[in-house]
Amino acid sequence: MSYLKAEALVGGYGGAMILNSCTIAVDRGRIAVIVGPNGAGKSTAMKAILGLLRLTSGRVLLDGRDITALPTQARISAGMAFVPQTDNVFPSLSVFENLQMGALLRRDPIGETLEEIFALFPILAEKRHQLAGQLSGGQRQQLAVGRALMTRPSVLLLDEPTAGVSPNVMDELFDRITRIAAQGLAVVMVEQNAAGALEIADTGFVLVQGANRFTGAGRDLLNDPDIRRSFLGGRK
Amino acid sequence: MNRRTTLLYAAMAAVLLSVALLQSWQLALTIVNLCLISAVMALGVNVQWGVAGMFNVGTMGSAAIGGLAVVLVSAPPVRAAWAAGGAGLLASAAILVLTAGVALAFWRWFGSRPLLRGGAVAAVLFSGFLLAQQWFLPATAAIEAVDAASAGYLGGLGLPVALSWLIGGVFAGLLAWPVGRLTAGLRSDYLAVATFGISEIVLAVVRNEEWLARGVKNVTGLPRPVPYESDLQSADGVQTLALWLGLPLRDLASILVKLAYTAWFLAVLGIIFWLLERLGRAPWGRMMRAIRDNEEAARAMGKDVARRHLQAFVLGSAIVGIGGAMLVTLDGQFTAGAYQPLRYTFLIWVMVIIGGAGNHRGAVYGAFLIWFVWVQAETAGLWLASAATALLAPGNPLRAAFEQSPAQLRYVVMGLILVFVMRFAPRGLIPEATPEHQK
Amino acid sequence: MTDLLNGLIHLTSMLVLPGLAYGSQLAFGALGVTLIFGVLRFSNFAHAEGMSLGTAVCILLTLWLQGKGIALGPLPTALIGMCLAVPVMALVFIGTDRALYQHFRRINARPEVFMIVSAGVMLIMNGAIRLIVGPDGREFEDGERFIVTAGGFRAWSGLAEPLVLKTSQAMTIGLALAVGFALFLFLNRTRSGRSMRAYADNRNLALLSGVDPDRIVRLTWVLVAVLSVTGGVLFGLDKGYRPFVYQQLLLPMFAAAVVGGLGSPLGAIAGSMIVAFSELALTFAWKKALGYLLPAAWAPEGLMQFLSTDYKFAISFLILVVVLLVRPAGLFGKPVK
């Protein structure tokens, strides 16, 4: 039994079904990557896990507990953290305040978590008093991840964390995400850059038209010539 | 026209007819004439809000400048005033034009150095303004001194008054253009604030520049597009008609004059209504609605949203200007002090909203309904006040406050109507028919 | 030397102090406008009426207090009335929000819809003010009118020009500093203030972070109540209360908020000062000041008044136009599309 399991999700917006029986599962300390062509329902699947989408059927289990009926806020309290693809920081708040906002619901001291995040992303410590709106794209993504980690979540959901950043920064981000998972978090990541993401994925889910087409270890999917040709554009 | 619309209009007609029969024909026609003018203004606002989705809070300015056009076009010219200050006024105008030209040139020259450019342009404008004042102030003082009790202003061109309605529309449109240009492409709040500001400025000019239209001293005795009551009373045909109808001659003359106004206003309203309906069915109207309903999609399809908005804004303001000119013509005088935002901006808004934004039939209906309520609200307010305070003791200060100010309740009533319609029936009494959406 | 001193005293008394007081009064209003815009995302056309209504409530409470024989010595009793009027207005604002704005937030209405609804609220409040205090002006100032009187200053300094400082001016400037400082502490140093800024900045992310939107909305209206009652009462004390004179503050307040950048509190304060001093300086008759400050040969003949005071608010508009032309985002704002 996986720590987080989304089973046979079916749902969509206003009558149009986007998810047609889609299943995602991940354990603590592992990285699950959702890939697939445009419009396959990757981000929608993540929103469903987070409770931002009304499901027609299917269920979401967290640590064996059925959370399908819980609203987003309650899921966040239950240990989920989410990094949206865009607008994922508060631009007119400082870096430090952004991190404080991440810990809004915590009543215990946050100093230790802050130290961990600054150790993970040293640039954030350096720019802690700068406004988030003045950060570069890559720094902003680091801040977004840092903000999400402030709740000390057990599940981290990332919606295309490398969208719009340079290849160097992308590799760095993937490296940090691996380190985050190694600390015992379950990481679910939607990625446009499938090849890079599958490199670090423990499990890869290839979605097509809202349903699982292939599931397997990241490496295996990468090495499968069929998948490479159809979904990874044939290039690394 | 569907059944609901027909029924609503029939009910309104019945109410007005009952006013005519129970109170008097003069009163009913007075109300109808103002309803018609309000309907023209409401159509203007409806083009902006209902069709284009723009929030204009400057209707009063358009109405006032339309009214000013009546004075400038139809009032008899005051030659002595032109002789006294015309030259000075023209000189100061020339200086201002020159200043603007120089400022524009500086703006272009110093394009690459913003600080220098700002400073230079400000200095040019400032000194040009002070220089113009040297001629302007003595000239206006001289003009205002000419026969101050009855004239003291430049007068108009002495042209037929109906022409001034068209000119009023043009004035209002010309005023709207820079405002629309300035706020095009910005968040709608800026348009709202800018229109609110420009309408206050128009009002300040109209109130304070006595040489232009006598300011708060009012221009009275403006020419009419209809005969005078006294002339009608001495006309043979009218006397015969009075005998035949069994009406007092004075009443009949007054009714005929009002009917003549009604005919004029009905014609103008009809023409504008017909043009707008045609425009609405034309590609322009479809595009406007497409932009209103989904601006992003329209922009993505390559529509020039800002340009369309500007067109709708100028057109709507021009129509309000025509209404403003008609109102001044009906009054026979230009009363600068009478323009208030509550009456000339927000009341028109209530009309459009309750009638059904986007639907011209609805806007016209809303104008009739709200003007009628506005006129009758004093009576209704009195009744409401006595009902609301019936439980309070006669000496209670709250009761006294209510009884003293039934007229004040009109504002509360209008505000309540506005928010209730927005909250519970946002499409109004006669909702916009959108076949292409229902498909 | 005496001329220089006289000139400076004249300018301080007639331009700087009134400008600071007026700018502070505007700032109270503009801060409210900008808070509502930033957090609730609409331009509140009922804002001036809200200030007037708050003042009307304060006047009623002050009259009641005066009737009970309660006074503050040299300070006006209205200060107590003001504190009592704040919770009343907070309830009025929150009630209005519950009844109206909340619904439009839920259906995600367009900003124009909010503005129209606020215009409706304006009409209702306008009528309510007419019912509560009637359309005429009220005097409700008691205590000492002046801190520094013309005669007293002349006798003390021996200068020809008097320095006048009204109690209401000093109170306005003092309270503006205090309230402004408290507001900044709240917004920058408290969890609630930070949440409010975050909610204004990025509503979705704030919700994801666990911000309770209803609480933020309530807090915003409470702040607006504090700002608009304080600003309204101070304006009324300074200039005499006339219910509908507040409508004329709407344009300068909006202009100040736009100049500073809609949604930026610091900008609202800076914008208010810019608008206030531009208004006063351009409608100020500089003849006397220049007569003192310039060599006798250069002394001007005319009044040296750029614009008649009838066009005071045209200056707000002019500033607004310049800002929209040059920098629509305002001094401290981010671009608003």
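How many Å should the 27 residues of helix α9 of chain C span, and how far apart are its end C-alpha atoms?

**Entry 1**

I started with α9(C), residues 213-239. I took helices as DSSP runs of H or I with at least four residues, and strands as runs of E with at least two, both numbered from the N terminus. The expected span of a helix is 1.5 Å times one less than its number of residues.

Next I looked up burial. A residue is buried if 20 or more other C-beta atoms lie within 10 Å of its own, exposed if 12 or fewer, and partly exposed in between, with C-beta atoms placed from the backbone. In α9(C), 21 of the 27 residues are buried, so the helix is largely enclosed by the rest of the structure. Just past the end of α9(C), I found C:G240 with a positive phi of about 85 degrees.

**Entry 1: ground rules and confidence**

A note to myself on what I am looking at: this is a predicted model, in which local features need pLDDT of at least 70 and side-chain atom pairs count only at pLDDT 80 or more, while totals for chains, interfaces and linings use all residues. Residues are numbered from 1 along each chain as its sequence is written, and chains are lettered from A and ligands numbered from 1 in the order in which they are written.

I checked the scores too: ipTM is 0.88 and pTM is 0.89. For chain C, the mean pLDDT (the predictor's confidence in each residue, from 0 to 100) is 88, and 99% of the residues reach 70 or more.

I counted 13 helices and two strands in chain C. Its C-alpha atoms fill a box of roughly 70 × 55 × 40 Å along the principal axes. The radius of gyration is taken over C-alpha atoms, and the globule rule is 2.2 Å times the number of residues to the power 0.38. For the 337 residues of chain C, a compact globule would come near 20 Å, and the chain has 21 Å, which agrees. Buried residues make up 49% of chain C.

Chain A has 10 helices and 10 strands, and its C-alpha trace spans about 45 × 40 × 35 Å along the principal axes. With 236 residues, the globule value would be near 18 Å; chain A has 17 Å, which agrees. Buried residues make up 46% of chain A.

Among contacts with a separation of 6 or more, residues 24 or more positions apart account for 68% in chain A and 74% in chain C.

**Entry 2: one residue in chain A**

I picked A:A81, which sits in strand β6 (residues 80-83). Is A:A81 buried or exposed? It has 24 C-beta neighbours inside 10 Å, so it counts as buried. Leaving aside neighbours within four places in sequence, the contacts of A:A81 include A:I76, A:A148, A:T151 and A:V155. A:L157 is 76 residues away in sequence, yet its C-alpha is 6.0 Å from that of A:A81.

**Entry 3: a two-sided helix in chain B**

In α12(B), residues 283-293, I found B:M288, B:R289, B:I291 and B:R292 buried. They cover an arc of only 160 degrees around the axis (taken from the directions from the helix axis to the C-beta atoms), which puts them on the same side of α12(B). An α-helix has 3.6 residues a turn, so residues three or four places apart point the same way. On the other side of α12(B), B:P283 and B:R286 are exposed. The cover over the buried residues includes α2 (25-51), α13 (295-300) and α14 (305-331) of chain B.

**Entry 4: who touches whom**

Of the two pairs of chains in contact, B and C share the most contacts. There, 37 residues of chain B meet 38 residues of chain C. On the chain B side, α7(B) gives the largest share, 13 residues. That side divides into 25 nonpolar, eight polar and four charged residues. My classes: Ala, Val, Leu, Ile, Met, Phe, Trp, Tyr, Cys and Pro are nonpolar, Asp, Glu, Lys and Arg are charged, and the others, Gly among them, are polar.

Between A and C, the contact takes 16 residues from chain A and 12 from chain C. On the chain A side, α3(A) supplies the largest share, four residues. Chains A and B do not touch, and their nearest C-alpha atoms are 16 Å apart.

Note on methods: Two residues are in contact if their C-beta atoms, placed from the backbone, lie within 7 Å.
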